[in-house]
Amino acid sequence: MKISVVGTGYVGLVTGTCFAETGVTVTCVDIDKDKVQDLRQGIIPIYEPGLEPMVKNNVDKNRLFFTTSLQESLKDTDAVFIAVGTPPDEDGSADLQYVLDVAREVGEHMENYMVVVTKSTVPIGTAEKVRKTLKEALDKRGVNIDFDVASNPEFLKEGDAIDDFLKPDRIVIGTDSAKAEDILSRLYKPFVLNGHPVISMDIPSAELTKYAANSMLATKISFMNDIANLCELVGADVNSVRRGIGSDSRIGNKFIYAGTGYGGSCFPKDVKALINTSDKNNHSLDILKAVESVNERQKTTLVNKLMYHFNNDLKGKKIALWGLSFKPHTDDMREAPALSIIEKLRAEGAEITGYDPVAMEESKRRIGDSIQYARDQYEALVDADALLLVTEWPEFRTPNYNVMKKLMKNHLIMDGRNIYELSEMKNQGFIYYSIGRKAVK
Ligand code: NAD
């Protein structure tokens, strides 16, 4: 089989590479010339564990190609996967201009039947817009070529993207065409041999499934963060509460860790977009509105604790930040809590030195030299008045406390991910604030 994947970001590049891994001929298309140039030379524009060797292997085997020409990729293709960005518009709705640009271009150039699949996260009704836009382009050419549309939302997690794609919990296919369903089922067959289900449904349900999934996960996070806030007021420990509720199989123990709020390229925008869709349908999704406002508050909880500790005066304080990416194992900083924390600290006049194992280049690209960067986690601590732990990278979990104490001016840790034990912090002599647990002083 032969497919095109349009957009070579976190989703498109992983999708294209994993399909190529099963023997499919894949052409990945991007409008970003530099990205395509780099990819052709085996330079991977994102940090995603395991991706680089897999790209190289499939390029070497002549199954994976990169181009800026969508037209070129469409020749004899069975399916086009649209995996371009859908950033939030001003009102929170998903901006569909990139998706519809691709649909139009497909209509302008396609010569044979194909199924046009939206893999980007798109609001209900988008597949219909894709169909209409593509058809208009065909009409403009005065040709009548058969095609189908399908919605095939992607559930991969950055940092685990390859594994998630190769061994998905489920594959959702929304289409009203048996032919399209057959093509997609054949493409996904290698990924479901271990019993992972393909769940077929109508297109609007598939489109809504993706938003409902991300919104549910965001809800779990905000719920637990708000419980953590209550824990602090009543002297409870959120980790004990988490273990207590997570052992109930109806609740489950995943995604109920308190922290500094969710970020990333998906949860914030998808929660916003679902609220917007709901409002437009005269239904107020009050739960999600609360999820969002709890999250906004949570993103600066560490700075508030710091302000409290320093009597509201952070001017000239040297603050070390461990972790800049929105979660471990990725360089993605879109909507990262670190960005809100940095903004608030700078507004208070603090001096910040950041360290992240992989996201420092991305941070420099986003916020330039508004903070200083350390070469390793310990260098960030030199003369620090406090350490803020923002992202729970594994290498921060068992640091050398003696070295830390030698380097830091104040032995003060603000842990936004609850990775240290209270008893250990007490034994080591740190002043320690975390989320939803008693402070150690
Ligand atoms: P991204 O920003 O990393 O990549 C998008 C790519 O599309 C960019 O390389 C851009 O240059 C390219 N592009 C834009 N317009 C184009 C066009 N007309 N032709 C060709 N290329 C074009 O985005 P992403 O994180 O991969 O997300 C893509 C979609 O998948 C979004 O809708 C997102 O919500 C969804 N999604 C993302 C994740 C994730 O973890 N990142 C997971 C599931 C779903």
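In this predicted model, the ligand is surrounded by 26 residues, of which the closest are Gly7, Gly9, Val11, Ser120 and Thr121. Sorted by class, this shell holds eleven nonpolar, nine polar and six charged residues. Two helices, helix 1 (10-21) and helix 5 (97-109), each contribute at least two residues to the shell around the ligand.

**Annotated positions**

- The unreviewed UniProt entry lists Cys266 under "active site", and in the model Cys266 is found in the loop between helix 10 (238-246) and helix 11 (267-280).
- Cys266 counts as buried because 26 other C-beta atoms lie within 10 Å, where 20 or more are needed for that label.
- When residues up to four places away in sequence are not counted, Cys266 touches Thr121 and Asn214; Thr121 is also one of the residues closest to the ligand.
- Under "binding site", the unreviewed UniProt entry gives Asp30, Lys35, Thr86, Thr121, Glu158, Lys269 and Arg334. These positions are spread over 305 residues of sequence and are also spread in space, with up to 24.3 Å between C-alpha atoms.

- Glu158 sits in the loop between strand 6 (147-151) and helix 7 (161-166), and it is buried, with 25 other C-beta atoms within 10 Å.
- Apart from neighbours within four places in sequence, Glu158 is in contact with Tyr10, Glu48, Thr330 and Asp332.
- Lys269 belongs to helix 11, and it too counts as buried, since it has 23 C-beta neighbours inside 10 Å.
- With residues up to four places away in sequence left out, Lys269 touches Pro87 and Pro88.

- Eight strands form an open sheet with mixed pairing, arranged in the order 3-2-1-4-5-6-7-8. Its edge strands are strand 3 (64-67) and strand 8 (198-201), each of which pairs on one side only.
- On average, and with direction ignored, neighbouring strands of this sheet are turned by 25° against each other.
- Helix 1 packs on the sheet, where it touches strand 1 (2-6), strand 2 (25-29), strand 3 and strand 4, and its direction makes about 165° with that of strand 2.
- Strand 1 is largely enclosed by the rest of the structure, because four of its five residues are buried.
- Strand 1 and strand 2 run parallel and are joined by five bridges; within this pairing, Lys2 has Thr25 of strand 2 as its bridge partner.
- Strand 4 (residues 79-82) and strand 5 (residues 114-118) also run parallel, joined by four bridges, and the bridge partner of Val80 in strand 5 is Val116.

**Helix 14 and what lies around it**

- Helix 14 spans residues 337-347, and its buried residues include Pro337, Ala338, Ser340, Ile341, Ile342 and Leu345.
- After helix 14 comes Gly349, which has a positive phi near 85°.

Definitions and conventions. Residues are numbered from 1 along each chain as its sequence is written. This is a predicted model: local features need pLDDT of at least 70, side-chain atom pairs count only at pLDDT 80 or more; totals for chains, interfaces and linings use all residues. A residue is near a molecule or strand if its C-beta atom, placed from the backbone, lies within 6 Å of it. Ala, Val, Leu, Ile, Met, Phe, Trp, Tyr, Cys and Pro count as nonpolar, Asp, Glu, Lys and Arg as charged, and the others, Gly among them, as polar. UniProt positions are given in the numbering used here, feature names are shortened, and annotations may be inferred rather than shown by experiment. A residue is buried if 20 or more other C-beta atoms lie within 10 Å of its own, exposed if 12 or fewer, and partly exposed in between; C-beta atoms are placed from the backbone. Two residues are in contact if their C-beta atoms, placed from the backbone, lie within 7 Å. Two strands pair if DSSP finds at least two bridges between them. Axes are lines fitted to C-alpha atoms, for helices over the stretch in contact, and angles run from 0 to 180 degrees between N-to-C directions.
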